[in-house]
Amino acid sequence: MNFTKMQGCGNDYVYIDGGSEKISQDQKSELAIRVSDRHFGIGSDGLIFINPVEDPDVDFEMEMYNADGSRSEMCGNGIRCVAKFVYDKGLTDKKKLTIVSAGKNKYIDLTVDENNLVSSVKVDMGAPILEAAEVPVAVPDSCITASEAYGNHVIDAPIEVAGITWNMTCVSMGNPHAVVFLPEDMDLETFDLEHFGPLFENHEYFPRRINTEFVKIDDRNNVHMRVWERGTGETLACGTGCCATVTACILNGLTDKKVTVHVLGGDITCSWNGEKDSPVIMEGPATTVFEGIIEIY
């Protein structure tokens, strides 16, 4: 099987051209576990298939698996790399693409360098989903804020984890996120994510588990964030997590409407005008690391 290893701000995946590599559906989850292993496999945060589609309004499908073999709905860094993959490899010559993932279309603009290779990717990630039942997050009624603007949403709501009461804002960008702003006496760099991340991920409030972003505000246009991704653990970046973070920052009045999120692997810029049905726009790099062939059986 031919593969390409790619990364967006260090959030790395193995990419497979589903048009030329025929992998049965019942093999994909196990294959994701195998190739993601950083000691015995290729090493990645997961596996992404880039599939042809019959819909004339869609260019490609992204089919994503986490490192534990579970299926995921969306990956912001992943979809940027998918866009670079299809353009750089000549599968399309379009600089505006529509890519579907888990039934949701994302609209993409490519920036191409002097070598006709994609250097950065801007993605219309769609409107953030704030309705609690659709995130989904199952919290007590006392944690729900009802408004005409956003419906029944969870903003700055308490959650008890490891004997500590935190405050979270819940957002779906096609996959569920809980954004937590660390208190002043906690340092993001030394924060024990390996301990707290799994406790959030598997908390009873989250029926489909949760991706959790731990955030420190720098100023009105910059924040630092570390992320615990369900099914994978800490990653160097999470594109949907950056979108959710900026959405939460704006909802809580902590930043302006365009913010650079500094993650362990680099910088991703997101903007949102604060209106429920308006899209979050994400822009960041996509990089090819190496290509190769792996035996599958």
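Student: Where in this model is the place of Pro136?

Tutor: Pro136 has its place in the loop between strand E8 (118-124) and strand E9 (145-147). Please keep in mind that this is a predicted model. The peptide bond that joins Val135 and Pro136 is cis, with omega at about -5°.

Student: How many aromatic pairs are there, and what makes two rings a pair?

Tutor: Two rings pair if their centres lie within 6.5 Å. By this rule the count comes to 11 aromatic pairs. One of them is formed by Phe3 and Phe290, whose centres are 6.0 Å apart and whose planes make an angle of 85°.

Student: How do you know whether Phe3 is buried or exposed, and what is the case for Phe290?

Tutor: Buried means under 20% relative accessible area, and exposed means over 50%. Phe3 has a relative accessibility of 8%, so Phe3 counts as buried. Phe290 has a relative accessible area of 36%, and Phe290 is therefore partly exposed.

Student: What makes the pair of Phe191 and Phe196 stacked?

Tutor: The planes of Phe191 and Phe196 are 15° apart, with 5.2 Å from centre to centre. Planes under 30 degrees apart count as stacked, so this pair receives that name. Both Phe191 and Phe196 are buried. They also belong to one aromatic cluster with Trp166, Phe200 and Phe214.

Student: Which residues of helix H3 are buried, and how do you know whether they line one face of the helix?

Tutor: In helix H3 (residues 193-201), the buried residues are Leu193, Phe196, Gly197, Phe200 and Glu201. Viewed down the axis of H3, these residues fall within an arc of 135°, and therefore they line one face of the helix. The buried residues of H3 pack against strands E11 (157-161), E12 (164-172), E13 (176-181), E14 (211-219), E15 (222-229) and E16 (233-235).

Student: Why is helix H2 described as mostly covered?

Tutor: Of the 13 residues of H2, 12 are buried. Among them are Ile79, Cys81, Val82, Phe85 and Tyr87.

Student: What is the reach of H2, and what reach is expected?

Tutor: Helix H2 (residues 76-88) reaches 19 Å from its first C-alpha to its last, close to the 18 Å expected at 1.5 Å a residue. Just after H2, Gly90 takes a positive phi of about 75°.

Student: What makes Lys28 a charge over a ring?

Tutor: One condition is that NZ of Lys or CZ of Arg is within 6 Å of the ring centre. The charged end of Lys28 is 4.5 Å from the centre of the ring of Phe49 and sits over that ring. Arg71, at 5.3 Å from the ring centre, lies over the face of Tyr65.

Student: How do you know that strands E6 and E7 pair?

Tutor: Two strands pair if at least two bridges are found between them. E6 is joined to strand E7 (residues 104-112) by six bridges, and therefore the two strands pair; they run antiparallel. Lys96 stands opposite Asp109 in E7, and the bridge partner of Leu97 is Ile108.

Student: In which sense do strand E4 and E6 pair?

Tutor: Strand E4 (residues 60-66) and E6 pair in the parallel sense, over two bridges. Here the bridge partner of Glu61 is Val100 in E6. Five of the six residues of strand E6 (residues 96-101) are buried.

Student: Where does Ala102 lie, and why is Ala102 called buried, exposed or partly exposed?

Tutor: Ala102 lies in the loop between E6 and E7. Phi of Ala102 is near 50°, a positive value in a residue other than glycine. The relative accessible area of Ala102 is 42%, so Ala102 is partly exposed. Asp156 likewise is not a glycine and has a positive phi, of about 55°. Asp156 counts as partly exposed because its relative accessibility is 44%.

Technical notes:
Residues numbered from 1 in each chain as written. Predicted model: local features only at pLDDT ≥ 70, side-chain atom pairs only at ≥ 80, totals over all residues. Heavy atoms only, no water. Phe/Tyr/Trp six-rings, centres within 6.5 Å; stacked < 30°, edge-to-face > 60°. Buried < 20%, exposed > 50% of the residue type's maximum accessible area, 1.4 Å probe, protein only. Lys NZ or Arg CZ within 6 Å of the ring centre and 35° of its normal. Helix = DSSP H or I, 4+ residues; strand = E, 2+ residues; numbered from the N terminus. Arc of directions from axis to C-beta. Contact = heavy atoms within 4.5 Å. Expected span 1.5 Å × (residues − 1).
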